[in-house]
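Dear colleague,

I am passing on the structure below, together with some notes on its charged pairs and on one helix packing. Please read the notes with the coordinates open beside them.

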Amino acid sequence: MSTEYIRAVSIRRGRVYLTSKSSNDDVPYHAWHCESLSKVYGEEGQPGLDREILRMLCEYAVLKGHHPSLERYRHALEAPEKEKIFQETAQALQAAYDLLQGEDQAHPLTAQSEAARAYRLTARKLQDRQYTALARLCSECSG
């Protein structure tokens, strides 16, 4: 699995551009229009964009360099409140997992029971709530 290295995030004419590169190739950093982030930005504004970038950073991307556009995300990821947000999410996810039956617990991501599907939906909602809470921390940063 590759890691996306993000060096800058910019918004031009309502479109979101990332300056990034993949750890899987030798292509240098390049700025490119990210349609999915532009759609979120168009529908939800800066809070939605912050949420989705933080999702990326928690799941498969890292910040590289010191471009001013990255400071808001560094602030959120380094804030003391981050640990509390992650702990609350982990506890809620564990509580939902504990409600599953044995077979569903053995394969929560692939089990087809109604309970397993409900668990996956709950997990997605908890992750969304986690990234939304992190995104709120971005607004505290003036960078």
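To begin with a single side chain, is Glu 114 buried or exposed? In this model, which is predicted, Glu 114 has a relative accessibility of 58% and therefore counts as exposed, since the cut-off for that class is over 50%. Its salt-bridge partner is Arg 117, with a nitrogen-to-oxygen distance of 3.5 Å, and Arg 117 counts as partly exposed at 37% relative accessibility. Both residues belong to helix H5, where they are 3 residues apart, or about one turn of the helix.

A search of the whole structure gives 10 salt bridges, and some of these are linked to one another: Glu 44, Arg 51, Glu 52, Arg 55, Arg 124 and Asp 128 are joined into one network by salt bridges that share partners.

Arg 55 is buried, with a relative accessibility of 7%, whereas Asp 128 is partly exposed at 26%. The other pair is Arg 51 with Glu 44, whose side chains meet in a salt bridge at 2.6 Å, again from N to O. Here Arg 51 is buried, at a relative accessible area of 13%, while Glu 44 counts as partly exposed at 37%.

The remaining notes concern the packing of H1 with helix H2, which covers residues 71-78. The axes of H1 and H2 come within 11 Å of each other and cross at roughly 65°, and the crossing is right-handed. From H1, the residues in contact are Gln 46, Leu 49, Asp 50, Ile 53, Leu 54, Leu 57 and Cys 58, and they meet Arg 72, Tyr 73, Ala 76 and Leu 77 of H2. Sorted by class, the contact of H1 with H2 is made up of 8 nonpolar, 1 polar and 2 charged residues.

Terms used
Residues numbered from 1 in each chain as written. Predicted model: local features only at pLDDT ≥ 70, side-chain atom pairs only at ≥ 80, totals over all residues. Heavy atoms only, no water. Salt bridge = Lys/Arg side-chain N within 4 Å of Asp/Glu carboxyl O. Buried < 20%, exposed > 50% of the residue type's maximum accessible area, 1.4 Å probe, protein only. Helix = DSSP H or I, 4+ residues; strand = E, 2+ residues; numbered from the N terminus. Axes fitted to C-alpha atoms, helices over the stretch in contact; angles between N-to-C directions. Left-handed = near helix turned anticlockwise from the far one by under 90°. Contact = heavy atoms within 4.5 Å. Nonpolar A, V, L, I, M, F, W, Y, C, P; charged D, E, K, R; others polar.
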